[in-house]
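Let's take a walk through a protein together, one part at a time.

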Amino acid sequence: MSELKQDCPFASDLFLDLIVKFQKADFVDPKELNFFKEGEGLETLSCENLEQNLGKSFNIDIEKVAAVTKKKLTQRDLVTLSHIAIEMANQQTTSKKKKTKDPTPSPAKKAKSDEASSTCGSKRFKDGNVNSEGIDARLVELDSLLQSTKYSKQKTSLKSEMVNFFSCLTPSKSLADSTPHDVRMFLVHKDTKGKTQIHRATCVFRGQPGRFKCDCPVRLTAGSVDSLIGQIRAIYRDFGRGTDWNDMLGIGNPAAAPVVKRYLEAVRLEQSFSSVLPKRATPLLLDKLSVLSRHITYKLSNTHISVCDKYILLRDIVFFNLLAHTGDRAGDLGSLMSD
Ligand SMILES: [Zn+2]
């Protein structure tokens, strides 16, 4: 255990994680958690020894654990805690090691390194052989590729909007300490930017698509709210608040909290009452495609059209022909990229 300390100091965020895991481990037989073959069996140690080990090796304050979990810790509890702590510390050190190994070497390099490893009989790198600068540069390159996608740009702008909104609250909040209630407030704030009119039960325009001059509110559709919550959850996840919410401890990903799910349910219900129809694209069926294709061919037969128009028509006819023959979704085909 003392060896682990050098590799992995137990940070405060890990401490919360530990408690969550400890509470879930209530019904787990400690023997199942024992993946480790240590010189000393943890079960044989006394409470004082275990407490000391947890404190010295992982910086875990037992009194704090007892205060948060609201129970007096028995020897069995301490053993369970130790196992979870060791497991988490091991996971952290292996994930740290994995990070440096992550980039997949090119086939040629791989063959080379395989050769090298077979000759010296060990796959470990010597310290001087790791090109950490090159690896870092490659990781930055891959990260920036991810950030350049449309979805990620949307997420970045949503993130700054969230940060702005939270900072305007009293007391001001941030991504680190916002709660499910704050997330619901943000959702209501975003709702005012919607484009779908939610008619009241008495309104004469109820069930009709489009905007009318009645004073019924304009909101986001339930589908948009659903995808918005998904994006907010991803922002919190990337920020380091995990994927789940723990109501009992009040920690985790606030966008995954049950109250946020209930908000979405209520929005769905409200919109079903006001007969809001989900928008669908007009389907483009095969017979329509052949009519389109004939029309474009007819236009192309005109010898007086400009080169630019001819190019556009040719491009379109190729697209529609490809669509008709492959049966792909038009959206998928449209996002096809070429040099
Ligand atoms: Zn109305």
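Helices here are DSSP runs of H or I with at least four residues, and they are numbered from the N terminus. With that in hand, you can find Pro171 in the loop between helix H9 (150–168) and H10. A cis peptide bond joins this proline to Thr170, with omega about -5°.

Now for the whole picture. This is a predicted model, and its protein chain has 15 helices and four strands. Buried residues make up 15% of the 339 residues in the chain. Among contacts with a separation of 6 or more, 64% are between residues 24 or more positions apart.

How far does the predictor trust its own work? The mean pLDDT of the chain is 78, and 77% of the residues reach 70 or more. Helix H10 (residues 180–191) has the highest mean of the elements, 95, while helix H1 (residues 2–7) has the lowest, 43. Two stretches call for care: pLDDT stays under 50 over residues 32–38 and also over residues 101–121. Where pLDDT is low, the predicted coordinates should not be read in detail.

Next, look inside. In soluble globular proteins, nonpolar side chains tend to be buried together. The largest nonpolar core in this model has 14 residues, and Leu54, Phe58, Ile60, Leu81 and Ala85 touch the most other members. Helix H2 (12–24), helix H4 (47–58) and helix H6 (75–101) each supply at least two residues of this core. H6 gives the largest share, seven residues. Take Ala85 as an example: beyond its neighbours within four places in sequence, Ala85 is in contact with Leu18, Leu54, Phe58 and Ile60.

Which residues of H4 are buried? They are Leu50, Glu51, Asn53, Leu54, Ser57 and Phe58. These residues cover an arc of only 160° around the axis, and therefore sit on the same side of H4. Glu48, Gly55 and Lys56 are exposed on the other side of H4.

Another core, of ten residues, lies apart from the largest one, and Val183, Phe186, Ala255 and Ala257 are among its members. Val183 lies in helix H10. Is Val183 buried or exposed? It counts as buried because it has 24 C-beta neighbours inside 10 Å, and the cut-off for being buried is 20 or more. Although Val183 and Ala255 are 72 residues apart along the chain, their C-alpha atoms are separated by 6.4 Å. Leaving out residues up to four places away in sequence, Val183 touches Ser178, Ile232, Pro254, Ala255 and Val260.

Val260 takes us to our last stop, helix H12, where Val260, Val267 and Gln271 are buried. They cover an arc of only 30° around the axis, so they lie on the same side of H12. The buried residues of H12 pack against H10 and helix H11 (222–239). On the face turned away from this buried side, H12 carries the exposed residues Pro258, Arg262, Glu265, Ala266, Leu269 and Ser272.

Conventions. Residues numbered from 1 in each chain as written. Predicted model: local features only at pLDDT ≥ 70, side-chain atom pairs only at ≥ 80, totals over all residues. Core = buried A, V, L, I, M, F, W, Y, C linked by C-beta atoms within 7 Å. Buried ≥ 20, exposed ≤ 12 C-beta atoms within 10 Å, placed from the backbone. Contact = placed C-beta atoms within 7 Å. pLDDT = per-residue confidence, 0-100. Arc of directions from axis to C-beta.
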